[in-house]
Amino acid sequence: MSASPSVSAVSRIAYLASDFVVNSLSPAAPSPFQAALNKLASSPDSRASVTNLPFGADAGDTLLRHRSARLLSYTALAHPQVLNHLLLHLPELSSTSTVFHVAVTSDLSDALVLQSSLPFVLYSRTAQQAHDHALLASRLAFVESTAVLHIFHVGDETETVEEVEADRIAPFLFAERQSPRGSDQKSITDSAALLKIYQSAAFATVALVRRALRPLIQHGASEPHTVLFTLGQAALDYEIEGVSFVDVALLKPLPPSTILGAVSPSVTRVIVLEQLHHWSMKWTPLYLEVVSAIQQSELDPTPVVQSGILGDASAITESDVATLIEKAATAVPSARLALGPAPSAQASVPAPHVPKHEAAYTKILANLFTGRLDVLNSPELIASQGEVATTPEFALGRARGELEEREELVAAVRELLRDPNVSIEIHSLLSRWLGAKDDGVKSKQIGEELATALEGEKSSSPAAQKILILRRLLPARSRWIIGSDAWAYDLGASGLHHAIASRLNVNVLILDTTPYSTRNSVDPHRRKQDVGLYAMNHGDVFVASTAVYSSYAQVLQAIMEADRYDGPSVVLAYLPYNTEQTPALEILKETKLAVDSGYWPLYRWNPAKEREGKELFSLDSDFVKNELQQFLDRQNHLSQLTRSAPEVAAELVGSLGENLKQARKMRAQQTYLDLLQTIDAPPLTVLYGSDGGKAEKVAKRLATRGKMRGLSTTVATMDSISVDDLAREEVVVFVTSVAGQGEFPQNSRTLAKALNAAAAKGDKVLNTVRFSVFGLGDSHYWPRAEDAHYYNKAGKDLDARLAQLGAERFVPLGLGDDQDADGPETGYKAWEPLLWKALGVDAVEVTEKEPEPITNEHIKVASQYLRGTIVEGLADESTGALAPSDTQLTKFHGIYQQDDRDIRDERQAQGVEPAYSFMIRVRMPGGVCSPEQWLLLDQIADEHGNGTFKVTTRQTFQFHGVIKRHLKSAIQDINRALLDTLAACGDVNRNVIVSTVPSLSKLHRQAFDFARKVSEHLLPRTSAYHEIWLDKKLVAGDALKDVEPLYGEFYLPRKFKVAVAIPPNNDVDVFANDVGFIAVVDKNGDLAGFNVTAGGGMGVTHANKKTYPRAGSVLGFCTVAQGVEVAEKIMLVQRDNGNRADRKNARLKYTIDRMGLDNFKAAVEQLLGYQLAPARPFSFDKNIDDFGWITGEDGKHHFTCFIENGRIQDEPEKDFKTGLQEIAKVHKGTFRLTANQHLIVADVATEELPTIKRILAEYKLDNVSQSGLRLSSSACVAFPTCGLAMAESERYLPILIDKVEKICEESGLRNDSIVMRMTGCPNGCARPYLAEIAFVGKAPGTYAMLLGGGYYGQRLNKIYRESVTEPEILAILGPMIQRFARERHQGEHFGDFVIRAGYIAPTTEGKLWYDRMGGEGQYREIAVAA
Ligand SMILES: Cc1cc2nc3c(=O)[nH]c(=O)nc-3n(C[C@H](O)[C@H](O)[C@H](O)COP(=O)(O)O)c2cc1C
Ligand code: SF4
């Protein structure tokens, strides 16, 4: 064949653009490319080096050898024996700069086989297009370091091509390279992103060639009813009314939006014509793309999409097209249409008669092994051998016979080789054949030569005779037995067992057609044996699990590996369909479900690889691959290391090689074990409903234990399943807690509602399901007698509902109670054994150790000093969240993941993930910032957060509503303001707080300096913060050398808080902190030292009496110089003695009570090396702020504004945010935050006073005339952002105060301060346990009410009522406040009064907090008394 204009043009570009051109020769000589390339190579300015490979040779190896070339081009005329070799290498080649130019004469089938493994596929119909596309493909391949497939037609001699001058090609191609070879390119799989890459290369090419290059070329009617997509040579350039034509020039990437751009709303029918005559699958590539795009569109009505074959272009007329359109209208949509006659020289592929869908696989075999495929149980044999011919036993018998005969043939060849009389020519052929006897192509070619030569010689040697008799076996055959999934049910009888055990070189292809969604109903009583596992157990068997509609490339790879494997191979092929008419989309959907859910994992198990020292288990499905990736990332932090320092990556990977290999091996082994567990066991589904995580833990542990007993177990939330899906399950165990008053937890409410609805209809939809329920509850959560029915209500209701729906309760309801000695475990221990017994696995011996649950301690130590996989999580655009373990780590970086709880239910109903956002807390020791910093923080709230920010009880700022995408820039902006967020949360020392004391300027300065020193000294030293957020790219090796001299890699057992108080004001609530420094002043008014306290802490868990709040204990006195060291040593004693097994018991307060105060103090002093001096006298008079103007001793003025609950925002009539912004613009002093969430405009010079006063007045910031109650109040954030909130707090306290204020006013107490605090949960962020009156959220609208705290934070309060609602609060407080007004002593505070008046007992120490709770005498709560 001489070179056509298109072949010449493409050869020229390939030649001029590349360093190497690899050309596969065609069977017909001379090869079209060879002639063109030879001509170019013989020109005086020859450039590229050209390699011509013989027909049928494997070009992949040659290409890979030259992979480092700047640009590599491959040319070939499409032929299966040439291109199929490439399939195995494409995954490796896809990230090299290689262009595959494949010429076709008519049918595109052979060329398109390559498309599934490559990111870019261009198609050229004309010679000019081929020329332009060759340039585009070369530029794309070079600039993006990627492989590109360019398919073009050989065309005819008459075509003309306008070519670009040779000297313009190199500058065009090699001007710029986007990214280093093989960097991120591999990971881009999103077709829209790939399209952008294509477009940028296309623009550059257009500029060069001055001709349009478009992915789809549309012409014809403007408002069509029918669109014809054509992939093929025919130019359908007709004007037919209502019909538009789309010529496809880019087959990949082809995102749905591009396809839909060619389908206007007027379209009712889409016809996809492809020039594919012997495509091996039922659905063709372009058709699948178009169908799925249309399916995703919102076109109404959805156009019908039909597939058709495009025949010989030259014979198609306008009337043929019109007829096709008419036919399409009446044909069944699934019928294959045809336009134009089929090409005369169509390759005929012998295929046995098999069901239509199953041909997908058999055609692949026929194509891959053209001329050497042996289907041993082909139905065609029935005619000669009878019905038995299709049985596996028969097939195996044939294989055995043939293989034995081939062994005889090999023996005869060897014998003849030893014959001294044999000619040199024959001797050479014999030895060549022996070397190539297993190579399909070469053994055939040499075999033929050998047989001809032997015939010619007419040798009488018995060996030569034998060879001639067995000459049909000279070519290596690919032997296949094909079976349906019936085989998988009964291995022994079917003969499959024999095939596997035979160790013969035979391949078995087993089709499983059971659709995923009907998997349980098909054969509910009998689980299918897992053939793959069975075969793997045999050791020397190649096993692959494939699904053609999930990964075509993987099927091809598996089949080719099976063929090469010298021994039995089993290829499991998934093809879910019900009938021959099952539509394509259905099969695609079912396949996707099965593969994505892990039901049908894709893998290859190749024992031959072990001999090569390679992994023998390859997991090919994404689902498992992702897990593997995560596993590796966590184990080795490989990606982190390689990304941050590409130049040292090789070295690192090298040194980590062993770990990596081991990790992979472990993973493969684990997956294998997981798969093993699915053999022959009843599937167990565990569903849970849990708000706080307890029920979830129980459910997950139950699932693990089930697995260890050999059960195939899945675990998920109740809401992850519909009633219909539930009805298909066999054995389901529910574990649910109760949240709210008898309500189901959030993640189980949808299913609970759906079950109620089904029950109301009287349906018995669950009559094939067996179930058991375990409920977790707290019999004392709602302590009143009338609320007793709330106890474990969710579990009880669910149990009754399931039975009502016809399900069979196979184990009675189990109940766990938080109040039992061992908590819910007490009830659980009685229930679990019943479950195993009922499932028949109670006797299974569990030898494996139960995996330890992953705790925060594990997460910390595995995090490489707080790195985890945060970077990967930030890059993951598929979710607004971070990985759960990373959310524990980001706390150390000052970041909390939250979600908008107001819309959580609604989003769940819509099936979308919660509205995740992040809270960022700034580290700002002592709460002082400059006006410039204020302005920047204000801007950060607007640009990255929800437009507001909050002053917190730890004297710092908090931003809410920062979405993941903004996290990094927000942190960077905070750092730009010379602040940071490191250690603002997490198990480390948090923000150090200091009394604001505006009047005592000098003292404040000294205390503030001290606080800063403590904060800096106790900061974590990890460089992860800078690396992750500030892009301070440390060399990966350094990253691993991080040390934490104070914390170690486990950090602290729990959070740690330090406060510095300057008497007489205890505005920092020094006793609520782990360490407190109470300033002691010398005669000159200078800071002399501190009384040190330790062991304060607020957090409690409702009804868990092992938890309690504690006020710090005074340890002694230290000097200012000793202070930092004292803080450090207290922290170290806690680090080494705190309880790391139970986070609820981990704070310093519990450590001190466990060790005893004296022992604890001794331990601290031992580390210090000296004893603390005896404490000096001190006294406080309040713990609230002094509002309004105060002049300090240095003459500077300070104004304390009242910012209700610390929220800086603009509200109607209260534009505080804008007002403070205005102040910051002119203010020359500082801003000071108070630990009561208020703000001081501090250090105002006298001359600035009028301006500041004016602005304060303008924005009503000077209003401090609120009631004493309001000024003394504070609330935590709670809803909507805090994930732990059980009730409203910040949004509700002001409303409650409105009402309580009235009582105060009526009693003449408007200006009297009563410290009232509220939190949304018992965690205690607003320090409620030190308030005179406190409310702690239990459930929406319901709070625990506490009374009796000391006015200056010196005494804990106590629970007065375990659950109250607003009317009850008002009913309690009304008479109490009135009596207080009447009966209080001079200067007596409310907290003291309620004790003296006999409402509540005083709390003398934290451990005794629960003693006498519930009120005293006549005020005692009835439930508590009972
Ligand atoms: C807000 C809230 C409301 C609760 N309401 C009930 C209830 O009505 N009945 C009950 O038996 N237990 C109730 N409990 C107790 C929990 O069900 C119990 O502590 C359970 O172990 C928590 O499991 P979880 O962490 O999986 O949500 C409630 C707990 C909370 C936090
Ligand atoms: S007290 Fe509870 S609800 Fe309030 S902010 Fe703290 S954790 Fe959230």
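Author: Let's start with handedness: a helix crossing is right-handed if the near helix is turned clockwise from the far one by less than a right angle, and left-handed if anticlockwise. Keep in mind that we are looking at a predicted model.

Reader: Okay, which way does H40 pass H43 here?

Author: The crossing of H40 and H43 is right-handed. To find the pair, look for residues 1001-1017, which form H40, and residues 1120-1137, which form H43. The two helices pack at about 35 degrees, and their axes are 10 Å apart.

Reader: Which residues of H40 and H43 meet?

Author: On the H40 side, pick out Phe1010, Lys1013, Val1014 and His1017. They meet Val1120, Gly1123, Val1124, Ala1127 and Glu1128 of H43. Sorted by class, this contact has five nonpolar, two polar and two charged residues.

Reader: Now the ligands. How many residues surround ligand 1, and which are closest?

Author: With a ligand, begin with the residues around it. Ligand 1 has 23 of them, and the closest are Ser690, Ala695, Val738, Gly740 and Asp818. By class, they split into nine nonpolar, nine polar and five charged.

Reader: What polar atoms lie close to the oxygen and nitrogen atoms of ligand 1?

Author: Look for pairs of N or O atoms within 3.5 Å. The side chain of Ser690 has an N or O atom 2.6 Å from an oxygen of ligand 1. A polar backbone atom of Val738 is 2.7 Å from an oxygen of the ligand. At Tyr790, a backbone N or O atom lies 2.9 Å from a ligand nitrogen.

Reader: How much of the accessible area of ligand 1 does the protein cover?

Author: On its own, ligand 1 has 650 Å² of accessible area, and the protein covers 89% of that. Two elements give two or more residues to the shell: helix H29 (694-708) and strand E24 (770-777).

Reader: And which classes of residue make up the shell of ligand 2?

Author: Eight are nonpolar, four are polar and none is charged. Among the residues there you'll find Cys1276, Cys1282, Cys1321 and Cys1325, along with Val1277, Leu1284 and Asn1323.

Reader: Last topic, the backbone. Which peptide bonds are cis?

Author: One cis bond runs from Asp300 to Pro301, with omega near 0 degrees. Pro301 sits in the loop between helix H11 (285-296) and strand E12 (304-310). Another joins Pro1063 and Pro1064, where omega is about 10 degrees. You'll find Pro1064 in the loop between strands E33 (1058-1061) and E34 (1075-1081).

Reader: What about phi of Tyr1051?

Author: It's near 55 degrees, a positive value in a residue other than glycine. Tyr1051 belongs to the loop between helix H42 (1036-1040) and E33.

Technical notes:
Residues numbered from 1 in each chain as written. Chains lettered and ligands numbered in written order. Predicted model: local features only at pLDDT ≥ 70, side-chain atom pairs only at ≥ 80, totals over all residues. Heavy atoms only, no water. Near = heavy atom within 4 Å. Polar contact = N/O pair within 3.5 Å; in protein donor to acceptor, adjacent residues only side chain to side chain. Areas by Shrake-Rupley, 256 points an atom, 1.4 Å probe, with all protein chains shown as cover. Helix = DSSP H or I, 4+ residues; strand = E, 2+ residues; numbered from the N terminus. Nonpolar A, V, L, I, M, F, W, Y, C, P; charged D, E, K, R; others polar. Axes fitted to C-alpha atoms, helices over the stretch in contact; angles between N-to-C directions. Contact = heavy atoms within 4.5 Å.
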